Amino acid sequence: MGAFERYLSLWVFLAMVAGIAIGALAPGLVQLVAGAEVASINLVVAVLIWAMVYPMMVNVDFGAVAGVARQPKGLLVTLVVNWLVKPFTMALLAVLFFEHVFAPWIAPADASQYIAGLILLGAAPCTAMVFVWSQLTRGDATYTLVQVSVNDLIMIVAFAPIVAFLLGVTEITVPWQTLLLATVLYVVLPLLAGLATRRMLGSQDAVETFSARVKPWSILGLIATVVILFGLQGSVILSRPVVILLIAVPILIQSYGIFALAYGAAFLLKVPHRIAAPCAMIGTSNFFELAVAVAISLFGLSSGAALATVVGVLVEVPVMLSLVAFANRTRRRFPAA
């Protein structure tokens, strides 16, 4: 690991500060970036995420997809944690904190909005950024692709019923355009580009050399994404810092708790680290574009629910980097095969 990657947390922290500063000092620039949006997906951020995902897609070997069936435990852990545990624990934590622990400081109407936003986050496990976290933990690219693909298929049919049940709202309008566009931008297009690159390179040695060469650009894409995300939300952070911190508390507990559950289960089931790390990352991070889009459609752009989903975006990168570091430090405790 090079010096740049070794101090990645520092660069991300500086990117967060730079983003907030840009949001405060150059609001016109921020609005320009914010305006480049289709179906609640910011196209500038989408391009950067695409750049982050592409290097890992080059390592996807479709000839090895059949091997996933021989190691189903990692996929099983992912699906159980994502769909039978995560949405319900997030709802429980949201109610616990905003109806009880934080009740003296939060108005009941605001509390219900924050709870709704947190529920939306919990019901939308990650799609795109998992490929980045998997790459940083040297995860199995092919297995990660299968995990994400199966997860996305389940999300199509399970997201709305789970949200409807937990929110008590029967008329949930799922933004199918957001789901479809995100899948195409973050999975399909990078995958096709990776397959084309792999075919052009020919040998496995050439693929590995190319991947090593483009990996730094993936990390630069991550840092640029952080700058933009924090720039877009800089005014919110500066105007409501206490509320941001309160909303972050259950998100942090949920994130570390879900990771511990999935990673611990993978360890007990003797899942190889190259599969265990990504399978824990999928449930820990969130499909924030979907959560934000639904929050806005159900409750409005300036609602507390929308704010809560935005806090999920802000918290995710620092949390995931800390978990990447932990996963890398504990690699040798898992089977290598």
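Thr144 is in contact (heavy atoms within 4.5 Å) with Met56, Val130, Phe131, Ser134 and Pro278, leaving aside its neighbours within four places in sequence. Thr144 belongs to helix 8, helices being DSSP runs of H or I of at least four residues, numbered from the N terminus. The residue is buried, with a relative accessible area of 0%; buried means under 20% relative accessible area, exposed over 50%, and partly exposed in between, for a 1.4 Å probe and protein chains only. The model is predicted, so local features need pLDDT of at least 70 and side-chain atom pairs count only at pLDDT 80 or more, while totals for chains, interfaces and linings use all residues. Residues are numbered from 1 along each chain as its sequence is written, and side-chain values use heavy atoms, with hydrogens and water left out.

Met56 and Ser134, both contacts of Thr144, also line the second largest pocket. A pocket is an open set of points on a 1 Å grid over the protein atoms alone where a 1.4 Å probe fits, with protein on both sides within 12 Å along at least five of seven lines; lining residues have an atom within 4 Å of a point. The space in this pocket is about 230 Å³, the volume being that filled by probe spheres set on the points, which are joined across faces, edges and corners. Helix 4 (43-57), helix 7 (129-136) and helix 10 (204-232) each supply at least two lining residues, and helix 10 gives the most, with four. The lining divides into four nonpolar, five polar and three charged residues. Here Ala, Val, Leu, Ile, Met, Phe, Trp, Tyr, Cys and Pro count as nonpolar, Asp, Glu, Lys and Arg as charged, and the others, Gly among them, as polar.

One salt bridge is found in the whole structure, defined as a side-chain nitrogen of Lys or Arg within 4 Å of a carboxyl oxygen of Asp or Glu. It joins Arg274 and Asp140 at 2.5 Å, N to O. Because Arg274 lies in helix 13 (residues 273-284) and Asp140 in the loop between helix 7 and helix 8 (141-167), the pair ties together parts that are 134 residues apart in sequence. Arg274 is partly exposed, at 27% relative accessible area.
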